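Please look through the sequence and the structure shown below before reading on. The report that follows takes up how some of the parts are placed relative to one another.

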Amino acid sequence: MRLRVLIVLALCLSGCRDPAYTIASKRDTVDAWREFILQNPKDEHLEDARDRLAELELIEAQKVHSVVAYKRFLEEFGDTDSAPTAKKLLEGLRFNAAMGKGTPQALRQFLRDHPDGVHRAEVEKKLAELEIKEVLAGDDVKALAAVSVGLAGDPRAEAAALKLDDVAFAEARTASAWMAYLADFPAGRHRDGARARLLSLELDGLLVSGDLPAARALAARSPLAKELADLPARFQRAEAIAALERSKDERVRRALPSHMLRSRDDLVKSLQSPDPMDRWQAAEELGFVVSVHVLDPLLEAFRTARLPLIRLQAFLSLGRVLRSLPRPVAEYEVAVRVARLKEQASDAQLVLTIAALLDLTGQLDRAASEYQKAWDSNAPDPVVLQRWADIRLERRQFFSAAVAARQLALWAGDVLAGQGPVGPTNALAASREACSALTAARRAEEVIELASKEKTEFPEDLEQFLLRAREVRRLAEAKVRDAELQLLAIDERARRCGDHQVADRMAEGKKTRLEALAALAAKPTREWPLVREVAAERDPEPAVREAARSGRP
């Protein structure tokens with residue numbers, strides 16, 4: 001109305017100097033003003049005409065009173081004095097629609113469309129209520145935790161905490177997850193359930209190791225053992241497996257790994273032998289003893305042995321044992337030891353031991369972080385270097401693998417360069433140290449040769465790496481020969497660097513077990529089904545496990 005009066009006044013003052021504008025004003029319709037604007041784009045009254053057109057179009061939009069009508073109005077007249085009124089009307093429609101639907105999606109869309117609207121606070125409050133209900137009805141651990149913390153003092157916080165407790169326990173599937181549950185929920189209502197599952201895994205570890213007395217003692221002193229309904233059947237099966245070693249059927253005894261192995265106690269004792277070769281061969285053979293009881297002796301050898309070859313064999317044997325144990329048992333044994341070591345990890349070797357355990361169970365990302373913590377560029381660890389080279393080969397990162405192998409070769413060269421004169425008093429130690437360096441140099445040369453056959457970014461560097469690795473390998477062979485000549489002069493029966501009696505005996509044992517399984521399959525006895533199950537579950541040789549599973553040894 002104000003604009004209408006101003007237009008009439010302007011007409012009187014102008015003395016009708018603008019007939020087109022006067023005609024549009026008299027008609028005062030949407031069509032009249034649109035025609036005027038179209039035909040008079042440079043008229044001095046153009047802005048007034050557009051404002052009047054906006055007023056009339058807003059009146060039309062209000063008659064329709066729909067989201068579409070107001071959106072179309074704002075698309076054309078968003079910069080006019082009528083726009084705020086249209087925006088309020090549009091917001092009101094959308095607000096009513098969003099609140100009518102009452103869904104989080106509708107309310108979120110309203111806030112996106114009107115982030116600064118007058119209804120924002122009301123919508124946000126409603127949305128928060130709905131989101132809390134949504135979280136409490138769901139299984140999102142992070143969301144439940146956020147609600148539990150964010151609503152401190154609110155009754156709903158307790159509901160969120162209880163739901164979080166339930167969901168966290170329900171989602172736990174492994175030993176490390178149950179241990180995390182116990183740590184995160186000190187008053188959780190599923191704590192006994194988590195402990196019972198961990199107890200079950202500990203008992204399984206003892207049973208698969210053939211340690212029935214320790215398993216029975218553990219079950220007897222744990223009140224949670226009664227929660228394990230199948231425990232009597234598990235003990236019965238373990239007793240039947242133990243009886244296989246006492247079988248009168250030679251085929252049954254020969255089908256078991258223990259047939260070709262020294263006793264575990266003898267092997268552990270050999271880890272303290274004065275001869276380093278005894279120690280690394282004991283570590284090698286322990287890898288074929290499928291028992292949780294060999295894990296700690298191997299870890300100790302890996303952590304404390306001075307000679308890298310002993311540590312390398314301990315690492316490889318740890319991997320073999322963990323792969324041979326049932327996966328849940330292996331995961332439990334590793335989780336327990338990692339937790340224990342983290343409580344005391346204060347030196348590089350303890351951190352390195354954690355890295356090795358994580359590495360051997362496929363947790364390479366976590367292992368890499370721990371390896372990095374333990375790494376000392378001034379004292380490179382040859383076992384870590386070889387592991388890095390192997391991992392990078394597996395990932396087809398050939399140049400990086402060659403770089404690690406070159407560092408391994410340089411380490412071997414430094415060891416050999418540091419050796420003094422060899423005489424009768426140090427021939428044994430010198431020959432074993434040179435053998436360890438030779439083993440590293442040979443592996444370095446192998447890795448670089450493999451990398452050289454692939455397309456890499458710096459092939460000329462690989463040529464230099466390979467030349468250096470070969471030089472070190474030849475020097476190591478010469479050093480081993482010199483030291484062993486001294487050693488053989490003292491004891492003609494002394495074992496030499498190429499002694500592979502353990503590997504040969506283990507290969508013979510694999511052949512024997514395959515033959516025994518084939519004989520049992522051809523002429524089964526009542527013991528055959530259990531023998532086959534045991535071989536398929538826990539034989540240290542993958543080929544034997546596969547043959548037992550297939551039934552065609």
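At what angle do helix H11 (residues 175–184) and helix H20 (residues 327–344) pack? In this predicted model, the two helices meet at about 45°, and their axes lie 8 Å apart. On the side of H11 the contact is formed by Ala 175, Ser 176 and Met 179, which meet Glu 331, Tyr 332, Ala 335, Val 336 and Ala 339 of H20. Sorted by class, the residues of this contact are six nonpolar, one polar and one charged.

A second pair of helices can be described in the same terms. The axes of helix H12 (residues 191–208) and helix H14 (residues 231–244) come within 10 Å of each other and cross at roughly 15°. Angles under 35 degrees count as roughly parallel, and this description therefore applies to H12 and H14. Their crossing is right-handed, and the contact involves Ser 200, Leu 203, Asp 204 and Leu 207 from H12, together with Leu 231, Arg 234, Phe 235 and Ala 238 from H14. Here the classes come to five nonpolar, one polar and two charged residues.

| Helix pair | Angle between axes | Distance between axes |
|---|---|---|
| H11 and H20 | about 45° | 8 Å |
| H12 and H14 | roughly 15° | within 10 Å |

For the protein as a whole, the secondary structure consists of 29 helices and zero strands. Of its 553 residues, 46% are buried.

Not counting residues up to four places away in sequence, Tyr 371 touches Phe 315, Leu 352, Ala 355, Ala 356, Asp 359, Val 384, Arg 387 and Trp 388.

Leaving aside neighbours within four places in sequence, Arg 513 is in contact with Arg 254, Ala 255, Leu 256, Pro 257, Asp 539, Pro 540, Glu 541 and Val 544.

Note on methods: Residues are numbered from 1 along each chain as its sequence is written. This is a predicted model: local features need pLDDT of at least 70, side-chain atom pairs count only at pLDDT 80 or more; totals for chains, interfaces and linings use all residues. Side-chain values use heavy atoms; hydrogens and water are left out. Axes are lines fitted to C-alpha atoms, for helices over the stretch in contact, and angles run from 0 to 180 degrees between N-to-C directions. Helices (H or I, at least four residues) and strands (E, at least two) are DSSP runs, numbered from the N terminus. Angles under 35 degrees count as roughly parallel, over 145 as roughly antiparallel, 65 to 115 as roughly perpendicular and the rest as oblique. A crossing is left-handed if the near helix is turned anticlockwise from the far one by less than a right angle, and right-handed if clockwise. Contact means heavy atoms within 4.5 Å. Ala, Val, Leu, Ile, Met, Phe, Trp, Tyr, Cys and Pro count as nonpolar, Asp, Glu, Lys and Arg as charged, and the others, Gly among them, as polar. Buried means under 20% relative accessible area, exposed over 50%, partly exposed in between (1.4 Å probe, protein chains only).
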